[in-house]
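Here are some notes to read alongside the structure you asked about. Keep the 3D view open and look up each residue as you go.

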Amino acid sequence: MVKISVTDLEGQTSTIEAEVGLSLMENIRNNDFDDMAAVCGGCCSCCTCHVFIEEEQYAKLPDMEDDEQYLLEDSEHFQSGSSRLSCQVEVDDSMDGLKVTLAPED
């Protein structure tokens with residue numbers, strides 16, 4: 001298990017034990033974060049699992065595919081160098097200590 005800090009929309013931070021191989025979105029939802037709607041269920045067709053990743057950790061994540069980039073750039077809360085769709089980030093052992101903040105919904 002990988003420990004990830006998640007900050008919700010109210011600013012409360014909790015550390016979760018994330019399962020390697022699942023998406024970041026699945027791990028956040030599995031830990032009862034009601035602020036994450038994840039409407040499309042991980043199909044990369046909405047922006048309701050949008051998260052912000054701390055800058056130094058963001059660079060260590062796999063590159064975004066074009067579909068994810070287009071969806072995020074259309075979000076009013078898009079932050080270059082920080083925004084990701086959590087459904088498109090598969091958790092691996094290198095993410096231990098990752099800090100994530102849930103983005104407000106558009």
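The points below go from the whole chain to a few single residues.

1. A word before we start: this is a predicted model. Please keep that in mind for every value that follows.

2. Let's begin with the fold. The protein chain contains 3 helices and 5 strands.

3. Next, the overall dimensions. The C-alpha trace spans about 30 × 25 × 25 Å along its principal axes. A compact globule of 106 residues would have a radius of gyration near 13 Å, and the protein chain has 12 Å, so the two agree.

4. How much of the chain is buried? Of its 106 residues, 43% count as buried. The accessible surface comes to about 5,900 Å², and carbon and sulfur atoms account for 39% of it.

5. Contacts across the sequence deserve a look too. Take the contacts between residues at least 6 apart in sequence: 64% of them join residues at least 24 apart.

6. Now the charges. The chain carries 5 positive and 25 negative side chains. The centres of these two sets lie 8 Å apart.

7. You will find Ser83 in strand S4, which covers residues 83-85. Is Ser83 buried or exposed? Its relative accessible area is 0%, so Ser83 is buried. Leaving out residues up to four places away in sequence, Ser83 touches His50, Val51, Phe52, Tyr58, Met64, Leu72, His77 and Phe78.

8. Stay with Ser83 for its polar partners. The side chains of Ser83 and His50 are joined by a polar contact of 2.7 Å. A polar atom of the Ser83 side chain also lies 2.8 Å from the backbone nitrogen of Gln79.

9. Although Ala38 is not a glycine, its phi is positive, at about 45 degrees. Ala38 is buried, with a relative accessible area of 5%.

10. Cys44 is also placed in the loop between H1 and S3. Its phi is near 60 degrees, a positive value in a residue other than glycine. The cut-off for buried is under 20% relative accessible area, and Cys44 has 14%, so Cys44 counts as buried.

11. Which residues does Leu61 contact, leaving aside its neighbours within four places in sequence? They are Ile53, Arg84, Val89 and Met95. Leu61 is found in the loop between helix H2 (55-58) and helix H3 (66-73), and Leu61 is buried, with a relative accessible area of 8%. Leu61 and Met95 are 34 residues apart in sequence, and their C-alpha atoms are 8.3 Å apart in space.

12. Finally, look at Pro104, in the segment after strand S5 (98-102). At 35% relative accessibility, Pro104 counts as partly exposed. Not counting residues up to four places away in sequence, Pro104 touches Leu9, Phe52 and His77. Pro104 and Asp35 are 69 residues apart along the chain, with their C-alpha atoms separated by 8.5 Å.

How values were computed:
Residues are numbered from 1 along each chain as its sequence is written. This is a predicted model: local features need pLDDT of at least 70, side-chain atom pairs count only at pLDDT 80 or more; totals for chains, interfaces and linings use all residues. Side-chain values use heavy atoms; hydrogens and water are left out. Helices (H or I, at least four residues) and strands (E, at least two) are DSSP runs, numbered from the N terminus. The radius of gyration is taken over C-alpha atoms; the globule rule is 2.2 Å times the number of residues to the power 0.38. Buried means under 20% relative accessible area, exposed over 50%, partly exposed in between (1.4 Å probe, protein chains only). Contact means heavy atoms within 4.5 Å. Accessible areas come from the Shrake-Rupley method with a 1.4 Å probe; for residues, only the protein chains shown count as cover. Lys and Arg count as positive and Asp and Glu as negative; His and the chain ends are not counted. The place of a charge is taken as NZ of Lys, CZ of Arg, CG of Asp or CD of Glu. A polar contact is a pair of N or O atoms within 3.5 Å; within protein, one must be able to donate a hydrogen and the other to accept it, and residues adjacent in sequence count only if both atoms are side-chain atoms.
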